[in-house]
Amino acid sequence: MTVRLPDGTELSLPAGATGLDVAMAIGPRLAEAAVAVKIDGELTDLGSPVTEGAEIAIVTLSTPEGIEILRHSTAHLMAQAVTELFPDASLAIGPSIEDGFYYDFDLPRTLTPDDLQKVEKRMKEIAGRNTEIIREELSREKAVEMFKEMGQDLKVELIEDLPEGELITVYRQGDFVDLCRGPHVPSTGRLKVYKLLSIAGAYWRGDESRPMLQRIYGTSFADKKALKQHLERLEEAGKRDHRKLGKELDLYSIHESLGAGLPIYHPKGATLRFVIEDFLRREHRKRGYDPVISPHIMKTDVWKTSGHYQMGYPMYFFDIDEQEYGIKPMNCPAHVYVYSSHTRSYRDLPLRLFELGTVYRHERSGVLHGLLRVRGFTQDDAHLFVTPADLDKEIIDVLDFAFYCLKTFGFDEWKVMLSTRPEKSVGTDDNWDKATKSLITAMEHHDIEYTVDEGEGVFYGPKIDVKLKDAIGRLWQGPTIQVDFNLPERFDLNYIGADNEQHRPVMIHRVVLGSMERFIGALIEHHGGAFPAWLSPEQIAVVPVADRHIEYANKVRDRFNEIDARISVDGRSESVSKKIRDHQLQKVPYMLVVGDQEEEAGTVAVRQRTGEDWGSIALEEAVERISPDLRMPRS
Ligand SMILES: [Zn+2]
Ligand SMILES: [Zn+2]
């Protein structure tokens, strides 16, 4: 029998040879590194027989596919260990996820962190047995019968939901059997580098009306070094967690008793947000946007015309005087009303309407997460009404604007995605094509590399998504730009062209920073809470050495107030070192210590939060040196 390798060479093998045999024929080192095989592009177990003339590629841990198989196999190893420790355990599902895997269990008691260690220890034992992992094919009836006998009702439910006639596969490793499509590594001994990370609650099938299961998260890697780096990254991410820093820096809070997913900004968080909003208002004005403000609730008829209603958009509805209203999940319809409040000519276009619009969406409680997934949030939202001829240029300018803003807030790297027409959508093929083409043209103009997310567009148009890369390499949702031919049609928008005829404008929906909440979450984690001075809610703290220096400290504050610095005097009766430590923990960029010597000489002793000490310098010199750092950047 002959098979082909990816480089085109042919390999002769005895009949009945498996993927593993191919790997061994190529070389013993490859066989050792192999975790699965691709037969004519189809990923399968190493033990699968290869077919005459097939193209064979050996999958190792040096590829993302290989790592995924490793992680998924480790999830099974963990499930086996849990079943050995808790014979009554009911097994749900255990997929690999980004950076690791999880498995959901129904257990007789709540797990503790100690249990994770016990499970990990048992996993080592099982891996030490180096049991072969064997694939078996079963009929649906046989599979149901087998899992019923084992008391695995959740598995039975999964099998019963599979389409009639589908081939069912199970994997056996020693006494442990699990329902799975595979593929897996050939034996438990191949699972060497892993770590269990945390325990969480998860509803069976994500359904809040079904039982709450216990989920164990873990991860595995090709080698110890990669695992160590990952754990260090996790630790760093933990230190930067915006929920932790949001509390420590007293920026915001979220209360179950007030409403999940509804953040309240505390004075420092609100100050930070005002600075961001001031920046946005200035930049939008400079780029020819006009401000508008729209109501938070609008009649349901409006949402029917826009299509949100029929599309089952996650909105909140309620009645006033027997008339149904919806709380706005988007600002678009109101901006459309501004457009249509006048007869428009081509000379009025492009019309760019900007609003810091607060919207509400009914996110499931299970997905809420700090400031990143909330139910109420404010977008830096704008709608551009343009002629088809101006469309490309306007998108080019929006991209330019977006990247300028990201850089100003300290983000230097991003990933760009183009999302195309989803299954559930409105509008003609022709309009979708035109809209998609314009987005591509604008990206090409900026030489932007992008990936395509097939079918991930919004229901009314394709979009560009920009994801920001933070200081530790994680991606955050940022700007989005959507081209829309549909809303202008649904709301019957027109303008008079140069030919004196009526024409349809095109709409661009765009946000630059996205949601204020999510962006502030990203800012906190990117900067680890130490915002650039121009963004810091508190820019300067004046620290009087003793009560008798408070009067001079106030004078220093008044002088900095003249240049609009955000400054306060720390008049607490604490030691100077305690006060400095507190302000350092609060990430205040500048501390000005004033004592007898400073008061006499009209100086201040400047310290930065980084620990850098400028010594005592004249007050005016301090104003001069510090003020450029406090100012909002300008383009
Ligand atoms: Zn599996
Ligand atoms: Zn919109």
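**Close-up 1. Antiparallel pairing of strands S31 and S32 in the predicted model.** In this predicted model, strand S32 (residues 603–608) is joined to S31 by 4 bridges, and the two strands run antiparallel. Within this pairing, Val593 has Ala605 of S32 standing opposite. Strands of a sheet pair through backbone hydrogen bonds, and this may happen in the parallel or the antiparallel sense.

**Close-up 2. Parallel pairing of strands S29 and S31.** Strand S29 (residues 540–544) is paired with S31 in the parallel sense, over 5 bridges. Ile540 stands opposite Tyr590 of S31, and Val543 stands opposite Val593 of S31.

**Close-up 3. Burial of strand S31.** All of the residues of S31 (residues 590–594), 5 of the 5, are buried, so the strand is largely enclosed by the rest of the structure. In a regular strand the side chains alternate between the two faces of the sheet. Both faces of S31 are covered, with Tyr590, Leu592 and Val594 buried on one side and Met591 and Val593 buried on the other.

Close-up 4. An open sheet of 5 strands has the order S30-S29-S31-S32-S33, and its pairing is mixed. Its edge strands are S30 (567–569) and S33 (613–618), each of which pairs on one side only. On average, and with direction ignored, neighbouring strands of this sheet are turned by 25° against each other. Helix H16 (residues 550–561) packs on the sheet, where it touches S29, S30, S31 and S32, and the direction of H16 makes about 170° with that of S30. Helix H19 (residues 619–630) lies across S31, S32 and S33, and runs at about 125° to S33.

**Close-up 5. Packing of helices H5 and H6.** Two packed helices are described by the angle between their axes and the distance between the axes. Helix H5 (residues 140–149) packs against helix H6 (residues 153–161) at an angle of about 165°, and their axes are 8 Å apart. With that angle, H5 is roughly antiparallel to H6, and the crossing of the two helices is left-handed. On the H5 side the contact involves Arg140, Ala143, Val144, Phe147 and Lys148, which meet Lys155, Val156, Ile159 and Glu160 of H6. The residues of this contact divide into 5 nonpolar and 4 charged, with no polar residues.

Note on methods: Residues are numbered from 1 along each chain as its sequence is written. Chains are lettered from A and ligands numbered from 1 in the order in which they are written. This is a predicted model: local features need pLDDT of at least 70, side-chain atom pairs count only at pLDDT 80 or more; totals for chains, interfaces and linings use all residues. A residue is buried if 20 or more other C-beta atoms lie within 10 Å of its own, exposed if 12 or fewer, and partly exposed in between; C-beta atoms are placed from the backbone. Two strands pair if DSSP finds at least two bridges between them. Axes are lines fitted to C-alpha atoms, for helices over the stretch in contact, and angles run from 0 to 180 degrees between N-to-C directions. Angles under 35 degrees count as roughly parallel, over 145 as roughly antiparallel, 65 to 115 as roughly perpendicular and the rest as oblique. A crossing is left-handed if the near helix is turned anticlockwise from the far one by less than a right angle, and right-handed if clockwise. Two residues are in contact if their C-beta atoms, placed from the backbone, lie within 7 Å. Ala, Val, Leu, Ile, Met, Phe, Trp, Tyr, Cys and Pro count as nonpolar, Asp, Glu, Lys and Arg as charged, and the others, Gly among them, as polar.
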